[in-house]
2 protein chains.
Amino acid sequence: MNQTKQARNKEKILEATINELNQKGYLCLTIEGIAAEAGVGKATIYRWWPTKAHLVLDAFLMVTECAFQFDSSDSIKSNFVDQLKNLADVFSTTLGRSMLAIIVEDQEISDAFYKSYLSLRRKDSASFLQQAMEREGIKAEVNIDILLDMLIGPIYFRILIYKQTPDEHFISELVDHVIAGILPACSGK
Amino acid sequence: MNQTKQARNKEKILEATINELNQKGYLCLTIEGIAAEAGVGKATIYRWWPTKAHLVLDAFLMVTECAFQFDSSDSIKSNFVDQLKNLADVFSTTLGRSMLAIIVEDQEISDAFYKSYLSLRRKDSASFLQQAMEREGIKAEVNIDILLDMLIGPIYFRILIYKQTPDEHFISELVDHVIAGILPACSGK
């Protein structure tokens, strides 16, 4: 199989994974069902992915690959509102919810998720926030990692524990409250 | 069976649940094992709990019943540092981690957890924070629910997704950052 055909086959299998997941849910997801949906043999799937959890991880990475970019010409607030809306949307799909449930249960997939998604997103967010604060002359002594946890922690918390999808109103207020802690004092409040 | 003996029996079964959980983990936890550890018949357990998930929920509620009280004579910071340390400790035990994994998977237990734990804790926290802010003359226009999410969201996030137990240093900085957003302006920063 040449490389183009191989890449196309992999994509087809990951798309079939998402379709099957949407129809049946993670518990009833099977390699057999995915193979049938993709029109390939089970052996083809097992050549690349040892378990259905690995398939879900790769399908998640495929879907989120081009999902969100920071825009340094726009404000801190607008960027984080967009990023958190995006995050809430992604993790409210069947694919996103399955991904979270797998991470909570499975240490190996959780490590892979950290390396291939979470740490990269964190690096982007931290570098955007650092530069934006410098541009806007904000010199507050803040711990960027903690600020980012204050932004994204509540989104994961609402989805995983409250089983809610945070809406734009919630997200906008959340970002306002986090930014209130780093803005220069004497804002007239 | 009289009521005292019944209560004692239930307690013994919940203690056995915790012991078995610590030894075997949730996946290998069985009603049979718990019955043997508690010295009761399986039928006695099934009379009160339909599944092992229900047993874990009640064991969790038993352990956390007297766990944390707010102290209105102490500062906002000190109260929330203690509360979050307590939260991080509870959810870092095998019992706490199993509880979280069940909540993510199981809608019925998740609803029961919300009613019998989360909503009560939230009510206590909100009323303490509201009163403490009034006492300290803080008039910032804040959304108490969002502030509480900014405090506890990162703890759940670190435990569930990063698989870390937040330490006292992290918690202290987190509480400082959240409080910075509600303190009167012109703090000299």
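Chain B and chain A bury about 3600 Å² between them, with 68% of it on carbon and sulfur atoms. Buried area here is the accessible area, with a 1.4 Å probe, that two parts lose on being put together, summed over both. The size of an interface is often given that way.

A word on the source. This is a predicted model: local features need pLDDT of at least 70, side-chain atom pairs count only at pLDDT 80 or more, and totals for chains, interfaces and linings use all residues. Residues are numbered from 1 along each chain as its sequence is written, chains are lettered from A and ligands numbered from 1 in the order in which they are written, and side-chain values use heavy atoms, with hydrogens and water left out.

Now the interface. 39 residues of chain B are in contact with 38 residues of chain A. Contact means heavy atoms within 4.5 Å.

Polar terms next. Between chain B and chain A, 10 residue pairs are in polar contact, both residues at pLDDT 80 or more. A polar contact is a pair of N or O atoms within 3.5 Å; within protein, one must be able to donate a hydrogen and the other to accept it, and residues adjacent in sequence count only if both atoms are side-chain atoms.

Which helices does chain B bring? α6 (94-105), α7 (107-135), α8 (144-160) and α9 (168-180) of chain B each supply at least two residues of the side that touches chain A. α8(B) gives the most, with 11 residues. Helices are DSSP runs of H or I, at least four residues, and strands are runs of E, at least two, numbered from the N terminus.

By class, that side of chain B divides into 24 nonpolar, 7 polar and 8 charged residues. Ala, Val, Leu, Ile, Met, Phe, Trp, Tyr, Cys and Pro count as nonpolar, Asp, Glu, Lys and Arg as charged, and the others, Gly among them, as polar.

Salt bridges. The rule finds 2 across this interface. It asks for a side-chain nitrogen of Lys or Arg within 4 Å of a carboxyl oxygen of Asp or Glu. Asp149(B) and Arg158(A) meet in a salt bridge at 2.6 Å, N to O. Over all chains, the count comes to 16.

One inside chain A: Arg8(A) and Glu11(A), at 3.4 Å, N to O. Both lie in helix α1 (residues 3-24) of chain A, 3 residues apart, about one turn of the helix.

Last, the fold of chain A. There are 9 helices and 0 strands.
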